[in-house]
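Student: Please take one part of this model and go through it closely. I would like to know how it sits among its neighbours.

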Amino acid sequence: MTVLVTGGAGYIGSHTVRLLRERDYPVVVLDNLESGNRAATGDVPLVVGDIGDEALLTRVFVEHNVNAVIHFAAYKAPGESMEQPERYFDNNVCSTNRLLRAMQRSNVKHFVFSSSCSVYGTPQQLPVSETNALHPESPYAESKLMVEQMLKWYDVCHQLRYVSLRYFNAAGAAPDGKIGEDWKVTLNLIPLVMKAALGKASVVKVFGTDYPTRDGTAVRDYIHVMDLADAHIRALEYLREHEQSQIFNLGTGQGSTVQEIVDSTRRISGVDLPVEYTGRRPGDPVAIYADNTKARELLGWQPQYSLEEIIQSAWQWHSTYPEGYGD
Ligand SMILES: NC(=O)c1ccc[n+]([C@@H]2O[C@H](COP(=O)([O-])OP(=O)(O)OC[C@H]3O[C@@H](n4cnc5c(N)ncnc54)[C@H](O)[C@@H]3O)[C@@H](O)[C@H]2O)c1
């Protein structure tokens with residue numbers, strides 16, 4: 001029985017595909033390669049196509065004997081979603097509904113979903129637990145919440161069991177440095193810091209130095225991509241054992257400041273990368289970090305990688321492949 005990984009040629013998907021193969025799960029990837037890269041999937045079967053193509057999905061389910069889906073494929077930039085909400089609802093929500101309908105018709109009953117801590121918006125309480133109030137602040141975040149709400153009804157009406165994983169900030173690269181996050185498709189802090197360390201950006205901008213944190217810069221929860229990959233496999237196993245839908249936060253529970261990321265990158269790369277300190281960005285919360293107790297207790301999951309190892313692996317990937325996967 002095979003696991004279908006949508007978006008498996010992208011950043012988090014490709015690391016999860018790798019770990020699934022290491023643990024002997026049969027896998028097939030579906031990706032339209034809009035932002036993903038064929039090279040990231042290694043020798044795993046790759047179907048190039050769209051998650052909204054129900055006929056294709058039905059064929060893939062039968063041909064590969066699929067019994068579970070891990071769903072990464074989506075657009076992921078909150079800022080861009082404020083400019084093009086229709087694209088985000090179309091791809092992240094409408095196409096996901098077509099994927100779920102194809103699953104229901106083909107009797108595929110287990111679904112692991114890439115959700116996001118952005119469903120909480122600016123948190124009123126820290127650490128952020130799964131019971132915190134939900135306040136999406138962008139069409140992107142809303143699209144993740146809408147899929148979670150759809151999933152609740154697929155469960156009730158069609159007994160489709162799901163695990164929704166609300167990631168905090170995914171970061172780092174495979175420990176052997178062979179796959180990682182591609183330059184061209186990220187606005188995330190750690191790759192931007194790497195870019196500056198490699199001389200590919202003139203400066204790293206740090207927004208806000210007067211937050212009430214240990215060094216005045218904002219706090220976020222960075223979770224290693226291999227820890228995320230491990231949680232997806234545990235989620236699949238949980239569904240097989242318990243036949244019960246769940247929602248989990250995936251973060252380390254340890255916030256790191258922007259300045260700590262910069263300092264750690266300077267130490268590991270040996271480059272005194274240039275930083276420009278500037279004012280706070282409107283809407284940026286002071287701090288966000290996870291309460292991951294539920295994932296620890298129900299999935300037996302525990303983050304294995306420290307911030308140092310996140311930066312080390314990211315540096316190894318970016319400094320070895322400064323052009324990412326290239327063209
Ligand atoms: N990176 C993060 O920090 C983060 C945080 C929270 C949630 N997420 C979510 O995790 C998932 C994976 O994120 P990522 O960082 O690996 O993104 P990514 O852009 O690297 O990967 C997404 C993949 O999906 C593919 N894709 C997009 N739309 C598709 C479609 N309609 N049909 C087929 N393939 C399609 C892209 O080609 C790409 O390979 C996304 O759903 C994202 O919203 C990411």
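Tutor: Start with the terms. Helices (H or I, at least four residues) and strands (E, at least two) are DSSP runs, numbered from the N terminus. Residues are numbered from 1 along each chain as its sequence is written. The model is predicted: local features need pLDDT of at least 70, side-chain atom pairs count only at pLDDT 80 or more, and totals for chains, interfaces and linings use all residues.

Our part is helix H8, residues 258-269. H8 has 12 residues.

Which residues of H8 are buried? They are Val258, Ile261, Ser264, Thr265 and Ser269. Buried means that 20 or more other C-beta atoms, placed from the backbone, lie within 10 Å of the residue's own. These residues lie on the same side of H8, because they cover an arc of only 125 degrees around the axis. The arc is that of the directions from the helix axis to the C-beta atoms. An α-helix has 3.6 residues a turn, so residues three or four places apart point the same way.

What covers that side? The cover of the buried residues includes helix H6 (189-197) and helix H10 (307-320). Strand S8 (204-207) and strand S12 (256-257) also belong to it. Contact here means C-beta atoms, placed from the backbone, within 7 Å.

Last, the end. Gly270 follows H8. The phi of Gly270 is positive, near 75 degrees.

Now the wider setting. An open sheet has 7 strands, in the order S3-S2-S1-S4-S5-S6-S11, with parallel pairing (at least two DSSP bridges between two strands). Its edge strands are S3 (46-48) and S11 (246-250), each pairing on one side only.

Note on methods
The expected span of a helix is 1.5 Å times one less than its number of residues. A residue is buried if 20 or more other C-beta atoms lie within 10 Å of its own, exposed if 12 or fewer, and partly exposed in between; C-beta atoms are placed from the backbone. Two residues are in contact if their C-beta atoms, placed from the backbone, lie within 7 Å.
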